[in-house]
Amino acid sequence: MVVPLYSLYILRLGYSIVSCTFASTTKRFLVGDLKPSHIYLQNHLLHRPITSKVSADQHNFTVAYLINSCGLSPEHAISSSKWVELQSSQGADSVLALLSNHGLSKTQISKVVRSRPAILVADPEKTLLPKLEFFSSVVVSRQDLARILCFNPHLLLRSLENQIIPAYKFLRSLITEENVVAVLKRSSWIFLENRRKSVLPNIELLRELGMPQSCIALLLAHNTQVLMHKHENFAAAVEEVKAMGFDMKKSTCVMALKALCGESSKFIWNRSREIYKLSWGWSDDDVISAFRKIPGCMILSEKKIMQVMDFLVNKMGWPSRVIATYPVILCFSLEKRIIPRCSVVKVLVLKGLIVEDFSLAYVILPQEQHFLERFVTRYINQLPMLSDVYHRKLDVKDV
């Protein structure tokens, strides 16, 4: 029986050693060994239906290039090869060199290619370079640009004139250059959004309700994703915020919208409400009152809430519902602010220098200088160890 030449070619390829040089490290992939990833690559090459030897060669070349030059694993190379077919290495080499010249590391380039394989067949001079030059003119550092493109390589394949520059001009009309850069770093997807579908209608709704430009800019600069929600969902969140008694003219409604806009945010809000009610005895009115004062108290982690409440209630003896009156305390650092201050006060009470008749706010809320003057400096001559207690070098029980 005569074995077709192409079958012999595939068999040889299936058991050949592919030399892969990436990140200055030579790696060898033995496709015929017992490693699952290599067996997968071998089986894919042996069983993939191919109509012609030319298309087979191109596919196998693409897979090998993705492994050898782009650092993809065999599995990811095969998956990515469904979206790009290389005729030769020349154009792709130019793309990789261009990305490298603009600060992307080999690891970052590998992530970009894996996410958007089609970038390898983009025109380096006409498609990629203008966008790289534009972002370089906006972003502060090459490291920032590399991180942005690694996170969102789609930016390199969208129209500069029709999408990216108009988005930049829109943002710049509302917020400072510095904040535009911050948005690009944190929420670059807004550069790819159709602003007319969500962002613009959402901003217009806020303006109709009297929100000042300063609050809109705050929302856009620091909580961009809130304005990117579908208009009907955003409008529903706005109604809920209003129903809870927030003044749309004040900045607290910005954080309230962040806490209530989106399924994941609303889940966190509901979870926090249940923690405050079931674990610490707050009423619904307590929850809403605390939320109106400090919206951030409703988006804390469960661990954070439980640790702070446990310390203040169980270890310091303050009533749980008193904390609802001063919810900002929940947002303070337990280790850096709450425990040091409470430790000092505890020592002063134990030594009889102050009476245990002071409010939670009197201890936790003042600026550090005022607290030190009130509780440390005033008594340092009588208790020289107070400074060590405050800086947690000395435990209360050792005083």
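Which residues have the most contacts inside the largest nonpolar core? The legends below start with the whole chain and then get to that question.

**Figure 1. The whole chain, as a predicted model.** Everything you see here comes from a prediction. The chain runs to 399 residues, and 45% of them count as buried. It's built with 23 helices and 2 strands. Take the contacts with a separation of 6 or more: 67% of them join residues 24 or more positions apart.

Figure 2. Residues 1–52 are another story: their pLDDT is below 50, although the stretch has 77 contacts in the model beyond near neighbours in sequence.

**Figure 3. Inside the largest nonpolar core.** Back to the opening question: the residues with the most contacts inside this core are Phe 191, Leu 206, Leu 257, Trp 282, Leu 312 and Ile 338. The core has 124 residues in total. Helix α20 (residues 334–350) gives the largest share, 8 residues. Zoom in on Phe 191 and you'll find it touching Leu 155, Gln 163, Ile 164, Ala 167, Tyr 168, Leu 171, Val 180 and Leu 184, leaving aside residues up to four places away in sequence.

**Figure 4. Helix α8 and what covers it.** Helix α8 spans residues 142–151, and its buried residues are Asp 144, Leu 145, Ala 146, Ile 148, Leu 149 and Cys 150. Their cover includes α6 (106–115), α7 (124–138) and α10 (177–186). A handy thing to keep in mind: an α-helix has 3.6 residues a turn, so residues three or four places apart point the same way.

**Figure 5. Ser 173, a serine in a loop.** Look for Ser 173 between α9 (160–172) and α10. Ser 173 counts as exposed because its relative accessibility is 56%, and the cut-off for exposed is over 50%. Its side chain reaches the backbone oxygen of Phe 170 at 2.5 Å. Ser 173 and Ala 217 are 44 residues apart in sequence, yet their C-alpha atoms are 9.8 Å apart in space.

**Figure 6. Ser 272, a serine in a helix.** Is Ser 272 buried or exposed? It counts as buried because its relative accessibility is 0%. Ser 272 sits in helix α16 (residues 263–280). Its side chain reaches the backbone oxygen of Met 298 at 3.1 Å. Setting aside residues up to four places away in sequence, Ser 272 touches Met 298, Ile 299, Leu 300 and Ile 305.

How values were computed. Residues numbered from 1 in each chain as written. Predicted model: local features only at pLDDT ≥ 70, side-chain atom pairs only at ≥ 80, totals over all residues. Heavy atoms only, no water. Buried < 20%, exposed > 50% of the residue type's maximum accessible area, 1.4 Å probe, protein only. Helix = DSSP H or I, 4+ residues; strand = E, 2+ residues; numbered from the N terminus. Contact = heavy atoms within 4.5 Å. Polar contact = N/O pair within 3.5 Å; in protein donor to acceptor, adjacent residues only side chain to side chain. Core = buried A, V, L, I, M, F, W, Y, C linked by side-chain atoms within 4.5 Å. pLDDT = per-residue confidence, 0-100.
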